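Subject: Handing over a structure

Dear colleague,

I am passing this structure on to you, and below it you will find my notes on what came out of going through it. Please read them with the structure open beside you.

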Amino acid sequence: MQTPISFEFFPPKTDEQREQLDKVALRLKKLSPEYVSCTFGAGGSTLDYTPETVQRLHHTHGLDAAPHISCVGGTRAELGALLQRYKDMGCRRIVALRGDLPSGMGHTGDFRYATDLVEFIRREHDGFFHIEVGCYPETHPQSEHAMADLKHFKAKIDAGADGAITQYFYNADAYFRFVDDARKLGVTVPIVPGIMPISNFSQLRRFSETCGAEIPRWIGKRMLAYGDDVEAIRDFAADFVADLCRRLVDGGAPALHFYTLNLSKPTLSVLSRLG
Ligand code: FAD
């Protein structure tokens, strides 16, 4: 497969987790990703961990590392300092998000939506950063309706984003339709599908309920039918996600972005099936 790929990690907080990420980064580096990205805890819960991890991926592993920045709960000054830190590290790509404020955190910060953050980055750093934003083929869960969400997505691109990565999904048609609709609105930037390989199905099901991704009923039924047969579940999941990737690439997806959850096996099982 010639399609560019990228990998997403979360920032480790303990030495054990750091060792794990080092191993995963070494294994996945062999697949020559275009870049890797590192998530950011909304409200600042990973304010130091994300830059540390980006630094490690960038300098120790020699990967082009893109930090995520979520603006909710942050002030202009804090976000400005973080951007300067990344600029000093030599990062050229940023994934700019709103984030979801953890419950109990009162202060929503200086920015309301990801669009505001994109505008801020463009204003403060002009063309230095390549900015990716998030988008939702199955509609963001807090959006009033699908077309409003699409318009808000377009606003992020108009504010200066260079590309978009989708929330994960398992319905290829939702992606194709979303891309068609975005193109009709005049969005021309690459829209890269976010791919979630399946490692822990019950965890995935819980997470999907809150993040705006649907697991088709027949997949849930199949998973249930395999019971405790872990091998069968893994094989089925990797086959299914590899088929999804094939359909997306054949249908024109410009690249694939893998949510690794700091594990190499589920992603490698999918990619090995794609050749
Ligand atoms: P926005 O684009 O701001 O949209 C949020 C909601 O507000 C949507 O419903 C949108 O329709 C609506 N909206 C936007 N503008 C307006 C407006 N002007 N008026 C009214 N409504 C509006 N979260 C993290 O905390 N850390 C991460 O590292 C992280 N990485 C992610 C990576 C990707 C690729 C994706 C897809 C998501 C990621 N998330 C992350 C999750 C994300 O932060 C949440 O989905 C969050 O709820 C929305 O973020 P956003 O940037 O898409 O928000």
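Helix H8 (residues 217-226) is hardly covered, since of its 10 residues the count of buried ones is 1. Here a residue is called buried if 20 or more other C-beta atoms lie within 10 Å of its own, exposed if 12 or fewer, and partly exposed in between, with the C-beta atoms placed from the backbone. Helices (H or I, at least four residues) and strands (E, at least two) are DSSP runs, numbered from the N terminus. Just after H8 comes Gly227, which takes a positive phi of about 55 degrees.

Two points about the source should be kept in mind. This is a predicted model, in which local features need pLDDT of at least 70 and side-chain atom pairs count only at pLDDT 80 or more, while totals for chains, interfaces and linings use all residues. Residues are numbered from 1 along each chain as its sequence is written.

As to the chain overall, its secondary structure comes to 10 helices and 8 strands. The radius of gyration of the chain, taken over C-alpha atoms, is 18 Å, close to the 19 Å that the globule rule gives for 275 residues, so the chain is as compact as a globular protein of that length; the rule itself is 2.2 Å times the number of residues to the power 0.38. Along its principal axes the C-alpha trace spans about 50 × 45 × 40 Å, and 41% of the 275 residues count as buried. Among contacts between residues at least 6 apart in sequence, 82% join residues at least 24 apart, where two residues are in contact if their C-beta atoms, placed from the backbone, lie within 7 Å.

E1 and E8 (residues 256-259) pair in the parallel sense over 4 bridges, and in E8 the bridge partner of Ser6 is His257. E8 also pairs in the parallel sense with strand E7 (residues 191-195), over 2 bridges, and there Ile195 stands opposite Phe258 of E8. Within E8, Leu256 and Phe258 point one way and His257 and Tyr259 the other way, and all are buried.

E1 pairs with E2 as well, in the parallel sense and over 4 bridges, with Cys38 of E2 as the bridge partner of Phe9. In strand E2 (residues 35-38), Tyr35 and Ser37 point one way, Val36 and Cys38 point the other way, and all are buried. From E2 to strand E3 (residues 65-70), which runs parallel to E2, there are 3 bridges, and Cys38 stands opposite Pro67 in E3. The chain crosses from E2 through helix H2 (residues 49-60) to E3 in a right-handed β-α-β crossover, and E1, helix H1 (residues 15-29) and E2 likewise make a right-handed β-α-β unit. Right-handed is meant in this sense: with the strands pointing away from the viewer, the path from the first strand over the helix to the second runs clockwise.

The model also holds a ligand, which 24 residues surround, the closest being Thr39, His68, Arg98, Ala114 and Gly134; a residue is near a molecule or strand if its C-beta atom, placed from the backbone, lies within 6 Å of it. The elements that give two or more residues to this shell are E3, strand E4 (93-97), helix H4 (114-125), helix H5 (146-158) and strand E6 (163-168). The largest share, 4 residues, comes from H5. By class, the shell has 8 nonpolar, 12 polar and 4 charged residues, where Ala, Val, Leu, Ile, Met, Phe, Trp, Tyr, Cys and Pro count as nonpolar, Asp, Glu, Lys and Arg as charged, and the others, Gly among them, as polar.

A few single residues remain. Leu261 is found in the loop between E8 and helix H10 (265-274), and its phi is near 55 degrees, a positive value in a residue other than glycine. Leu261 is partly exposed, because 17 other C-beta atoms lie within 10 Å. Asn262 also has its place in the loop between E8 and H10; although Asn262 is not a glycine, it has a positive phi of about 60 degrees, and with 16 other C-beta atoms within 10 Å it is partly exposed. Lastly, Phe207 lies in helix H7 (residues 201-211) and is partly exposed, with 14 other C-beta atoms within 10 Å.

With best wishes

Technical notes. Pairing = 2+ DSSP bridges.
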